[in-house]
Amino acid sequence: STDAKELTDDMLHLHEKLEVGATDPYPVKNEEVAQKTKKYEEYFQNYIKACGYYDLFIICAKHGHVLYSAAKESDYGANLTSGSLKESGLAKVREMALQNNRPTFVDMAPYAPSNNEPAMFLATPVKVDGVVKAVVAFQISDSAISKVMNQRVGYGKTQEDFLVGQDKLMRSDSFLRKETHS
């Protein structure tokens, strides 16, 4: 979207102006950064609410800085290439989206900034004037998946759908056996 491209440009311009080092965290508490992100906040908050995402991130392609986070958890401003989150699902999806140069998905795993709750990530490169400058990533929670999977239209009393990962663990809650299969 235009908003994602403009926010990326604004944050990367501040990246240079503030001389943020490649391994430093991004200074999200800086007044200029807060001012620039404020004008995009309503758009991104409405977007994640309408789409049912837990969080939306804009991540620097070059250094791995989390330039923007809608949820503003401890990952906001983190460096995904050198910080404590370098092995996280968010770091993996950023790296894979850049390698693949297309939308990329990373399967569910506990995510520390979200209280170690299960999260999966979907990301795609952001191109500005034909050059990949950032990655936009979405955090998808297990509750959002279960909400879709537990729709009951056209189902009998004993029918249900659920998702299972390659590790044979469930990715959605069971509608019929919530106590034992969630």
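Mentor: Welcome! Two residues are in contact when heavy atoms of theirs lie within 4.5 Å. The model you see is predicted, so local features need pLDDT of at least 70 and side-chain atom pairs count only at pLDDT 80 or more, while totals for chains, interfaces and linings use all residues. Residues are numbered from 1 along each chain as its sequence is written, and side-chain values use heavy atoms, with hydrogens and water left out.

Trainee: In what order do the elements of the protein chain run from the N terminus on?

Mentor: Helices (H or I, at least four residues) and strands (E, at least two) are DSSP runs, numbered from the N terminus. The protein chain has four helices and five strands. From the N terminus on, the order is α-α-β-β-α-β-β-β-α.

Trainee: What percentage of the 182 residues of the protein chain counts as buried?

Mentor: Buried means under 20% relative accessible area, exposed means over 50%, and partly exposed lies in between (1.4 Å probe, protein chains only). Applied to the 182 residues of the protein chain, that cut-off gives a buried share of 42%.

Trainee: Which residues have the most contacts inside the largest nonpolar core?

Mentor: A nonpolar core is a set of buried Ala, Val, Leu, Ile, Met, Phe, Trp, Tyr and Cys residues joined through side-chain atoms within 4.5 Å. In soluble globular proteins, nonpolar side chains tend to be buried together. The largest core here has 24 residues, and those with the most contacts inside it are Tyr26, Phe44, Leu56 and Ile58.

Trainee: Which element gives the largest share of this core?

Mentor: At least two residues of the core come from each of α1 (2-17), α2 (31-51), β1 (55-60), β2 (66-69), β4 (117-128) and β5 (131-141). The largest share is five residues, and the element supplying them is α1.

Trainee: Which elements do the buried residues of α1 pack against?

Mentor: Start with the residues themselves: Ala4, Leu7, Thr8, Asp10, Met11, Leu12, Leu14 and His15 are buried in α1. Two of them, Ala4 and Leu7, are among the contacts of Ile58. As for packing, the buried residues of α1 lie against α2, β1, β2, β4 and β5.

Trainee: How far apart are the end C-alpha atoms of α3?

Mentor: The expected span of a helix is 1.5 Å times one less than its number of residues. Helix α3 (residues 89-100) has twelve residues, so it should span 16 Å; this agrees with its end C-alpha atoms, whose separation is 16 Å.

Trainee: Which residue follows α3, and what is its phi near?

Mentor: Let's walk along the helix first: Gly89, Leu90, Ala91, Val93, Arg94 and Ala97 are its buried residues. They pack against β1, β2, β3 (104-111), β4 and β5. After α3 comes Asn101, with a positive phi near 55°.

Trainee: Is His65 buried or exposed, and at what relative accessibility?

Mentor: His65 sits in the loop between β1 and β2. Leaving aside neighbours within four places in sequence, His65 is in contact with residues including His15, Tyr26, Ile58 and Asn79. His65 counts as buried because its relative accessibility is 0%.

Trainee: Which side chain does the side chain of His65 join in a polar contact of 3.3 Å?

Mentor: A polar contact is a pair of N or O atoms within 3.5 Å; within protein, one must be able to donate a hydrogen and the other to accept it, and residues adjacent in sequence count only if both atoms are side-chain atoms. The backbone oxygen of Gly21 lies 3.3 Å from a polar atom of the His65 side chain. The side-chain partner of His65 at 3.3 Å is Asn79.

Trainee: With which side chain does the side chain of His63 make a polar contact?

Mentor: His63 also lies in the loop between β1 and β2, and it counts as buried because its relative accessibility is 16%. At 3.4 Å, its side-chain partner in the polar contact is His15.

Trainee: Which residue meets Glu41 in a salt bridge?

Mentor: A salt bridge is a side-chain nitrogen of Lys or Arg within 4 Å of a carboxyl oxygen of Asp or Glu. The structure holds two, and one of them joins Glu32 and Lys17 (2.5 Å, N to O). For Glu41, at 3.1 Å, N to O, the partner is Lys72.

Trainee: How many disulfides are counted?

Mentor: A disulfide is a pair of cysteine sulfur atoms within 2.5 Å. Cys51 is partly exposed at 41% relative accessible area, and Cys60 is buried at 2%. By the distance rule, the number of disulfides is zero.
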